[in-house]
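Please keep the sequence and the structure in view while reading.

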Amino acid sequence: MLALALLLTGGAAAGCGGRATTHHKPGTSHEQASGSVGTLLATTDAAGHKLREVAAEGAPEVRLALRPDSEDGWNLQLSVKNFRFTPDSTGGAALPGAGHAHLELDGRKIARLYAPWFHLPAAQVPEGAHTLTVRLYADDHTAWAVSGKPVEGAAQLTAPAPGTPGGHSHGEAPSQSPQSPQSPQSPQSPQPPAPGQEQADRTVTITVRDGKVSPAPARTELRRGERVALRVTSDRADTLHVHGYDKELALPAGQEATLILTADRTGLFEVETHESSLVLTQLLVR
């Protein structure tokens with residue numbers, strides 16, 4: 001019994017000092033309210049994460065700015081103060097002024113950010129006026145807060161109709177013409193490939209309908225350094241998550257979304273959906 005206790009204790013210590021992971025079992029939450037920094041409040045943010053209250057003096061701050069990309073969509077810049085991005089310790093205890101950010105479009109999470117810059121493809125932004133919000137989180141997925149309010153920044157964005165010249169405009173979107181593209185399934189208007197998709201070494205196409213994954217979840221074998229394109233169509237709005245790589249992609253209902261991933265680390269990594277907790281595939285990188 002003593003040997004077993006020592007073994008378990010040693011394993012726990014190695015886990016705390018090893019590479020962090022955000023892997024969680026289907027049906028469980030990311031949130032692990034750990035650490036003693038600040039005060040953990042009973043209230044939550046709009047996404048359901050508990051608030052971690054800290055004093056205003058020296059508290060994390062964030063501002064969001066965006067500008068059109070020369071080829072597609074927009075480039076977003078997060079200007080932070082008293083804060084640093086810590087992707088290697090995500091899932092661990094809350095540390096002062098450290099963590100990651102969530103990007104929301106009109107209150108719906110579309111990405112998790114581990115760096116000050118992020119490229120937002122035009123395909124992920126419907127036509128019209130929108131509000132982009134970035135919110136700062138600790139490594140244990142609690143939201144940094146001051147005076148009971150989450151630490152966040154926002155910016156306004158107006159997306160023009162698909163196919164409109166100068167489609168990166170921040171101004172008023174032009175009215176949609178009768179000849180505007182139909183749904184992605186329409187044979188009259190094939191959806192253009194996602195940026196960078198032509199560089200992918202492998203493409204995995206997955207459909208989620210009525211809670212079932214097609215084709216049935218299996219392993220996708222890759223060599224380290226290869227690029228894989230995950231093309232997913234879900235009948236319900238959801239979020240795709242690649243464990244181990246901490247890559248996320250918003251899945252609009254009924255529309256194909258593509259995530260390009262470089263398999264730069266070896267191991268077995270699950271690809272699943274957040275809302276429905278479905279395993280879509282496993283990436284086996286050798």
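Which residue in β2 is the bridge partner of L40? It is R52. The model is predicted, so that local features need pLDDT of at least 70 and side-chain atom pairs count only at pLDDT 80 or more, whereas totals for chains, interfaces and linings use all residues. Residues are numbered from 1 along each chain as its sequence is written, and side-chain values use heavy atoms, with hydrogens and water left out.

Strand β1 covers residues 39-44 and strand β2 residues 50-53; the two pair in the antiparallel sense over 3 bridges. Strands are DSSP runs of E with at least two residues, numbered from the N terminus, and two of them count as paired if DSSP finds at least two bridges between them. β1 and β2 form a hairpin with 5 residues between them, and G48 in the turn has a positive phi of about 90 degrees. β2 also pairs with strand β10 (residues 143-146), here in the parallel sense over 3 bridges. In this pairing R52 stands opposite W144 of β10.

Buried means under 20% relative accessible area, exposed over 50%, and partly exposed in between, with a 1.4 Å probe and protein chains only.

Side chains of opposite charge can pair when their charged atoms come close. A salt bridge requires a side-chain nitrogen of Lys or Arg within 4 Å of a carboxyl oxygen of Asp or Glu, and the count comes to 9. One of them joins R135 and D45 at 3.6 Å, N to O. R135 lies in β9 and D45 in the loop between β1 and β2, 90 residues apart. R135 counts as buried because its relative accessibility is 5%, and D45 is buried at 6%. R135 also meets E104 in a salt bridge of 2.9 Å; E104 belongs to β6, 31 residues from R135.

Another salt bridge joins R223 and E226 at 3.2 Å. R223 is exposed at 59%, whereas E226 is buried at 13%. Finally, salt bridges that share partners join D45, E104, R135 and E152 into one network.

Key:
Helix = DSSP H or I, 4+ residues; strand = E, 2+ residues; numbered from the N terminus.
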